[in-house]
Amino acid sequence: MLNKFINDELPLAFVWLILGLFAGLVYALEILGLDGSMTLLSPERARSLHISQMLYGFFPLILSLLPFALFQKEGVLSDTAIEHLRRYFVVWNLFLLTMTMALLFGNIRGLPFYDFPYQLNFLLAFSGLFYLLALLDALRRYEKRPVWVNVSLAAVIAAPIALVVLMNPQYGQVEKTLIGPHGDNTLGMSFTLIPIYYLLIKLVAGGEFKPRWHWLWIAPLIGYVISLMIRNFLHPLSYNEEWFFQYLTLLYLPLLWVWLRDAGVDFKTNPYLILSIGAFVFVDAEGNFLFIPEIRALIHRNDLVVGHAHIAMGLAVAFMALTILHYIVPNLFRRMYAILWAVLMALMALALTVAGIFEAGGESGAIEPFLWIRAIVGAMIVSLVLRITYDRVKIRLDSALKLYHLSGFLSDAGGGVILILGGAALFPLLGFHFSGTYEYLVFAFMIGTGLAHWYGLQSDPHRFAELSASVRAICASVFAALYMAGMLDGIALLVAVYDLTFALIYWLFLRSKD
């Protein structure tokens, strides 16, 4: 049940992952001198899109399925809950699409973890309503609800309200953390991962798992609440106070070790979970080391910190989501991919760490070779994700009509994406005028036509071919008329000829074939 749902949703989820990784790759190349100023992926936009997709795209979407994977394991997941989950994914994907376009067109706020327009939070909150309905449907099937279920319910009810309040630009807390202390923020962010690790261990454990040593997470939680009270009601945190709260995160390390041992979970059980916890342990220990005043002053905001963040997000958090996918679809998210991904992320972090040491003056040397390593490794990670995506979406091309749909999808959807991102630079190179307004609507329409071909690859190929050919013929006639009236330049004639040719190929040669 959940397996089919995940399998159906993965192609679009992969789009967000590939887009986010590609934006990061572009940003890495721009640091090395690539000029993206004439495209929608200028450095500040590429960086913003990369971070935003990592934080709100593929990984959180998959992570949100964790309770439902447990519901399925415990036999309380129904078709009704799956339908609510589908609606939840629809709204969240709409948010991701709107967020992506907003960031690409420059509607950014310069915030590291929350760069999109505040109004989009209401879409996230709306999606949460369907998530809550799915959760409630599963909960009512328990005779006696476990503690983890009640905690999940409370979190889901509170999340939309907290989202709208905390993200508010006037009275929210997100922007305030940019100028205030960081240690207690790290404590809070780390704490949010502990219940997720508990549920992941419970999911992959072969037998019953009962957690112990609760004081190791209760003490940091109390510390975080105290830090918030001091910061918001008494005074800004001093460095020593901040340092103290930061070091409370070390209590999580023995806690996770005890949980893994008690559950009997090892690398063979789920490599993604073990690598995720390993990355969390490393980041926690390294973060506390980097918090030493003399070291922090040298490396604050340099590439060493960037490498630290990539291990935290690219391994610890990312592999949390991949733990679920390995559990549900192990043939797609194989152990080999876990090892390869981890090695590549470690190489990237190592290169950034060395660059950071050079930038801090710890050693002398050129940082450019290490930034090239970062970009090359980034390209390899994109290739790895493309390979996994191919394993999921590969289609048997057993007819001329399927080849027609594939070429239409690649040329229109692929071409539309390229033109949206780089049309402002490509049009002048080809000798065409680019106003930067209506052209983007045309590019978006191209992507829509390409998607019609994609659906034709999945089912009912003749109906979708007829639809796309009709749309192309109407568009071709309008572009041809505008060209002949002298209202548009040669690009209109080119579009008209291309669309009409594509439509005629179907109508003249493929329509009558089965």
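Leaving aside its neighbours within four places in sequence, with which residues is P293 in contact? In this predicted model, the contacts of P293 beyond those neighbours are with Y239 and W243. P293 lies in helix 13, which covers residues 293-299. Between P293 and Y239 there are 54 residues in sequence, while their C-alpha atoms are 8.8 Å apart in space. P293 counts as partly exposed because its relative accessibility is 29%, a value between the limits of 20% for buried and 50% for exposed.

The chain as a whole is helical in its assigned secondary structure, with 20 helices and zero strands. Its C-alpha trace spans about 75 × 60 × 45 Å along the principal axes. Buried residues account for 49% of the 514 residues. Of the contacts between residues at least 6 apart in sequence, 78% join residues at least 24 apart.

The mean pLDDT of the chain is 87, and 91% of the residues reach 70 or more. Over residues 171-181, however, the pLDDT is below 50, although this stretch has 19 contacts in the model beyond near neighbours in sequence. Where pLDDT is low, the predicted coordinates should not be read in detail.

The second largest pocket holds about 1800 Å³ of space. Its lining consists of 40 residues, and P11, L12, V15, F409 and L451 lie nearest the pocket centre. By residue class, the lining divides into 31 nonpolar, five polar and four charged residues. At least two lining residues are supplied by each of helix 1 (2-31), helix 5 (79-104), helix 16 (368-393), helix 17 (400-429) and helix 18 (438-458). Helix 1 gives the largest share of the lining, 10 residues.

Two further helical sites were examined for burial. S127 is placed in helix 6, residues 121-139. With a relative accessible area of 1%, S127 falls under the 20% limit and is therefore buried. Not counting residues up to four places away in sequence, S127 touches Y88, V91 and W92. Helix 4, residues 66-73, is mostly covered, with six of its eight residues buried. These buried residues are L66, P67, F68, A69, L70 and F71. Just after helix 4, G75 takes a positive phi of about 80 degrees.

Positive phi values also occur in residues other than glycine. W213 is not a glycine, yet has a positive phi of about 60 degrees. The position of W213 is in the loop between helix 8 (183-204) and helix 9 (215-234). W213 counts as partly exposed because its relative accessibility is 36%. D460, likewise a residue other than glycine, has a positive phi near 45 degrees. D460 is found in the loop between helix 18 and helix 19 (461-484). The relative accessible area of D460 is 37%, so D460 is partly exposed.

Conventions. Residues numbered from 1 in each chain as written. Predicted model: local features only at pLDDT ≥ 70, side-chain atom pairs only at ≥ 80, totals over all residues. Heavy atoms only, no water. 1 Å grid on protein atoms, 1.4 Å probe; cavity = no way out; pocket = protein on both sides within 12 Å on 5 of 7 lines; lining within 4 Å. Points joined across faces, edges and corners; volume = space filled by probe spheres on them. Helix = DSSP H or I, 4+ residues; strand = E, 2+ residues; numbered from the N terminus. Nonpolar A, V, L, I, M, F, W, Y, C, P; charged D, E, K, R; others polar. Buried < 20%, exposed > 50% of the residue type's maximum accessible area, 1.4 Å probe, protein only. Contact = heavy atoms within 4.5 Å. pLDDT = per-residue confidence, 0-100.
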